[in-house]
Amino acid sequence: MQILPDEIYQYYRKVAFRESALLKQLREETAQLPCARMQVAPEQGQYLHLLVKLINAKKIIEIGTFTGYSSICMATALPDDGQLIACDVSAKYTDMAKRYWHQAGLTDKITLYLGEAETTLVNLMADHANTFDLAFIDADKNGYNDYYECCLRLLKTGGVIVLDNMLSAGKFLASNMDDQSTMAQSIRALNEKIHQDERVELCLIPIGSGMMLARKC
């Protein structure tokens, strides 16, 4: 979803981010897929890259990897001893991600867990609770609340959760709640929950289709 008016957005794309040749190639290859809209926008990738550096993240979990654009953006910002755990259900799309991780020289920094994300997150809690610096959630929207709760338990104090698509999900702005999709209702409910959640500090940023930042207090 493009939030800015088109004329401003075209200018914004010229100055808002720098995209490597490899990322551009990945974005263009992904654009040929039937669900290409699942990929983050380049400006979102740039934002995630910079955020990793700003908070000095060393340990990241990503829920929803798709073809690997966002994981490359984050992993390239990690220090040499940094690690990113990627969670996804699709072997097909993550095979493409693995191909690009290899080209980017990131195979030692990224570990892929294939399977239902909530199961992976619960299993990680046994040995990794309160150890992650950053979580990026960009998967099935109806599962966002559960992912958010799991990530709060996995994050260190001061760690940050980023949730994508928080301003766009079906009939998001329909005045009649009955006209909104289940996905839209889930996102709206979570936005309101995070707004009232005293466990975090928050900021909802209108880039891409809306990125919510929640910092664990």
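Select the lining of the largest pocket: by class it has 24 nonpolar, 15 polar and nine charged residues (Ala, Val, Leu, Ile, Met, Phe, Trp, Tyr, Cys and Pro count as nonpolar, Asp, Glu, Lys and Arg as charged, the others, Gly among them, as polar). The model is predicted: local features need pLDDT of at least 70 and side-chain atom pairs pLDDT 80 or more, while totals for chains, interfaces and linings use all residues. Numbering starts from 1 along each chain as its sequence is written, and side-chain values use heavy atoms, without hydrogens and water.

The pocket is an open set of points on a 1 Å grid over the protein atoms alone, where a 1.4 Å probe fits, with protein on both sides within 12 Å along at least five of seven lines; lining residues have an atom within 4 Å of a point. Show Arg37, Met38, Gln39, Asp138 and Asn165, which lie nearest the centre among the 48 lining residues. Next colour α3 (42–54), the source of the largest share of the lining, three residues.

Now select the seven strands, an open sheet with mixed pairing in the order β3-β2-β1-β4-β5-β7-β6. Strands (E, at least two residues) and helices (H or I, at least four) are DSSP runs numbered from the N terminus, and two strands pair if DSSP finds at least two bridges between them. β3 (110–114) and β6 (200–205) are at the edges with a single partner strand each, so one side of each lacks a neighbour in the sheet.

Zoom to β5 (residues 155–163) and β7 (residues 211–216), antiparallel over four bridges. Here Val162 is opposite Leu213 in β7.
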